[in-house]
Amino acid sequence: MSSSRGSLHILLLTVIVSVSGVQNLTVTPDRGTTLNISTTQVKGCKVCTLAGRSRQCTTSLLLKDNKRVQVEFDCSRPQDFFSVEVVRNIECTTKSCSSHIIQADSGSLPLLDFHRKFTWNLKASALKAFKIDFTNVGLRQINASERCSDRHSYTLHALQSSGDVAIGKYCRTGPISSAQILNQGSFSVEVPAGQKLQNGRFDVSVGEEIKSLAKITLTLPKGTSSAELLSPNYPGSFPDDDVMEWYFQVPDKHKTTVELLKLTQPLCKKKDTEVVYHSRGGPSSGLRLTDTQPQREGNFTLTLRNCEMDRSRAGSPGLSLNLRVSTSSQVSCQVDVSKLEGLSLHIEKRRSNSDCEMRINSVSREKITVTSNSELTFQDCLPEDVQVTAMRVIECRQLKDCPNTVNLLVPLLPPCLPAPLSSMTWTLRPPEHGTVELTSLAGYLKQCLPGQRCNDSMIIKMTEDDGTTVGRFCPQGVIQKVQIHTNVSVSVSGTLGSKSLRTPVLSAKMKGEITERYIFNISPKRDAPVLLATPGWPGGMRDYSTVSWIVNVPKKMEARLMFANLSQPKCSNRHTNIRVQRFSRLEEDYSRREDEKPEDEITVSESFYLNMSNCMPENGDFSVITKITLQKSINRLLTIILSVVASLLVIFVIVLVVVCVVIRKKKKKLNPQVSIYNPNGTVFLPGQNGFPETREDNDEHEYASIEDTLVYTHLLRKGKEIGVYGDFDTYQPFTGRTDSQKPLVSQDSIADDRQASKQQFSISTQQAPPLPIRPLSHEQRLVDNVIYQAEGQSEEERSPSLGPRLEPEGGN
């Protein structure tokens with residue numbers, strides 16, 4: 001890759017899928033780049049490569065050669081176990097280097113969830129050094145345990161025959177302008193999970209023929225300044241019998257002082273440890289590490305030499321030191337704060353025994369307050385000698401006179417001040433019964449609480465006039481808006497130099513009265529639990545004060561609330577109360593006083609109000625931390641309906657089975673078979689498929705016996721009395737007309753039928769008379785009790801009614 005296009009980015013086409021706790025991704029390293037996915041934990045999670053049906057799993061994976069690879073993690077959160085390192089090699093000849101160090105993050109954005117380290121391995125020709133230029137941004141050295149405010153940590157390593165040496169750990173914005181490392185080494189930048197890599201470029205070139213392990217160049221600014229430097233491998237020992245150089249470029253008419261801090265000295269076998277000062281055109285001077293270091297003027301080189309250490313003896317700590325380089329001069333500074341109404345600048349001397357001298361308009365002061373255009377003078381003032389703060393008061397008497405919106409901006413102060421701005425405070429005073437509304441324009445706020453600490457360099461503190469703390473906040477949270485029904489001071493502290501006038505810290509409005517003393521608007525995110533503390537935490541709320549959180553729950557989600565760290569007082573007047581009420585309901589979902597047992601957990605299915613109020617405590621405090629977690633909602637109404645339907649279905653099936661069993665048992669008891677009379681001349685039994693083709697083919701029409709109880713004796717007696725039935729024991733068909741379409745039956749056919757009946761039925765003398773005569777019509781039911789008469793017969797000639805038919809005992 002050419003130097004003009006030497007970007008260190010990884011072309012990672014990543015598709016992450018989470019199925020049953022497994023995550024898959026597709027990785028394609030850029031050409032010339034090596035990708036290393038590794039973990040220090042032997043158990044817990046593994047990374048696997050997929051090639052067809054084969055699957056190989058290990059604790060580390062090395063990818064290179066621009067080859068597309070299917071990678072799978074066998075755990076749901078591999079970012080908790082694995083880190084990613086992107087490595088590129090740069091080689092230098094005697095004249096030039098193959099590439100530059102270019103920070104680019106466009107291709108690796110899908111891997112934001114992983115801790116990433118970008119490393120450039122550099123190699124120079126024999127006896128030469130490679131040089132990295134930091135002039136555009138500047139670096140400052142920090143301890144290995146410290147963190148940078150922008151969360152980008154840079155590291156320089158030198159690779160010697162004796163092993164790897166850590167030259168130092170650095171942050172952006174400092175006096176270090178370049179670094180040279182002999183022969184081989186590396187430069188890396190680490191970014192934590194979720195942090196984007198800042199774009200940047202550091203030029204790489206061929207260095208000098210240095211005689212030391214490394215050479216660091218510092219360009220000190222005009223005015224008063226100081227810088228701290230650490231020996232290689234600090235707090236460990238500097239390499240045995242080795243040399244380290246620092247070169248200082250000092251402005252004209254400035255004095256430089258070197259102090260050796262936190263010094264540990266080794267036990268030496270040969271030579272001695274020493275510090276050597278050298279100025280161009282002047283002689284070198286060597287001093288012991290315990291000697292007082294002199295003041296110097298102009299540019300100079302400081303060389304640290306170690307002896308050949310005796311590490312075999314117990315108690316030999318090796319060589320390590322922390323040195324401070326300070327420059328000072330009489331600096332004049334013109335400061336004008338009149339452009340911002342209500343702004344005042346406060347400069348205070350922190351150390352009474354320092355040589356710092358401050359003047360305002362030629363008058364010496366220990367404390368200086370600047371409210372207009374003023375001339376300041378600082379003599380021998382170091383940053384640690386002075387504290388600089390700023391304040392601004394914003395107030396209005398009537399709501400109609402209040403500005404619509406006031407952006408809370410950190411003022412841009414002149415660089416001639418001996419120290420940067422350490423804090424900025426805005427005091428907001430609304431009209432009587434008015435409210436201050438605060439909104440973050442750069443993103444929602446997060447409350448600084450245990451388990452939810454702020455890693456950002458800027459901390460926002462809100463307090464009331466009497467000093468009561470409302471809360472401490474930082475960016476990247478879920479709090480959209482804060483409303484406070486009283487005067488409030490907003491203080492921001494941290495590294496404020498980069499904030500300047502570009503981005504407002506907060507936006508403030510003066511509004512009308514609200515019902516509570518504090519109101520917070522919250523928009524939680526899924527899979528990111530939110531902790532909300534009552535105002536004044538860890539102390540208690542003010543007496544009789546109230547606070548409400550308006551919690552917006554997305555559709556198809558529900559909120560789970562847990563009240564942790566709940567502290568209840570003993571009330572002398574009124575009660576404390578915790579209430580939960582949904583937007584769409586008039587009734588409360590939850591309500592508890594201090595004398596009632598709270599629930600461990602409650603679930604709210606839609607957006608809601610969380611309200612808390614304090615009593616007048618007799619002893620103790622009222623304070624709560626509420627944990628809110630979003631999860632997919634469950635359609636409880638649908639669940640209830642389905643449960644009821646399922647229960648009814650089960651009951652129906654049970655009843656149906658019981659009914660079937662009862663009917664079956666009843667049929668078994670009522671099992672006697674009864675032939676069915678058919679006027680067409682055939683009979684059949686229930687359950688047979690079809691009818692017999694002829695009467696001669698079967699004998700189902702013959703009766704073996706007839707029960708007396710099955711005979712309609714009362715009907716027969718009546719029929720005999722009126723002449724319908726005769727004294728015979730054979731079946732007689734009815735001679736009347738069946739319907740209007742059929743002719744009457746002749747007497748001859750009746751006689752023939754009687755004769756046939758006598759031949760086919762043999763009935764004992766003890767049996768009842770045969771069934772009554774029925775018409776031949778197929779449309780008339782056998783249960784009819786009216787006998788058809790011949791057409792034309794009068795009412796008197798018709799047969800009398802036989803009366804209601806009695807059902808036979810014992811069933812059909």
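I count a residue as buried when its relative accessible area is under 20%. With that cut-off in hand, I looked up tryptophan 549, which comes out at 1% relative accessibility and therefore counts as buried. A reminder to myself: this is a predicted model.

**Entry: aromatic pairs**

I describe a pair of aromatic rings by the distance of the centres and the angle of the planes. My count for this model came to 13 aromatic pairs. I picked tyrosine 277 and phenylalanine 300 to look at: their centres are 6.1 Å apart, with 40° between the planes, and the pair is tilted. Tyrosine 277 belongs to strand β25 (residues 274–278) and phenylalanine 300 to strand β28 (residues 300–305), so this pair ties together parts that are 23 residues apart in sequence.

I found phenylalanine 520 with its ring centre 6.0 Å from that of tryptophan 549 and the planes at 20°, so I noted the pair as stacked. Phenylalanine 520 sits in strand β47 (residues 518–522) and tryptophan 549 in strand β49 (residues 546–551), so here the pair ties together parts that are 29 residues apart in sequence. Phenylalanine 520 is buried as well, with a relative accessible area of 3%.

I also asked which residues are linked into a cluster by ring pairs. I wrote down Trp120, Phe134, Tyr154, Phe187 and Phe202.

**Entry: charges over rings**

Next I checked for charged ends sitting over rings. I noted lysine 215, whose charged end sits over the ring of tyrosine 247, 5.5 Å from its centre. I noted arginine 574 as well: its charged end sits over the ring of tyrosine 544, at 4.6 Å from the ring centre.

**Entry: a sheet**

I then traced an open sheet of 4 strands, and its order reads β31-β36-β33-β34, with antiparallel pairing. Which strands stand at the edges? They are β31 (330–336) and β34 (363–365); each has a single partner strand, so one side of each is left without a neighbour in the sheet.

I followed β31 to its partner. This is β36 (residues 373–379), which runs antiparallel to β31 and is joined to it by 7 bridges.

How values were computed:
Residues are numbered from 1 along each chain as its sequence is written. This is a predicted model: local features need pLDDT of at least 70, side-chain atom pairs count only at pLDDT 80 or more; totals for chains, interfaces and linings use all residues. Side-chain values use heavy atoms; hydrogens and water are left out. Two strands pair if DSSP finds at least two bridges between them. Helices (H or I, at least four residues) and strands (E, at least two) are DSSP runs, numbered from the N terminus. Rings of Phe, Tyr and Trp (its six-membered ring) pair if their centres lie within 6.5 Å; planes under 30 degrees apart count as stacked, over 60 as edge-to-face and the rest as tilted. Buried means under 20% relative accessible area, exposed over 50%, partly exposed in between (1.4 Å probe, protein chains only). A charge sits over a ring if NZ of Lys or CZ of Arg is within 6 Å of the ring centre and within 35 degrees of the ring normal.
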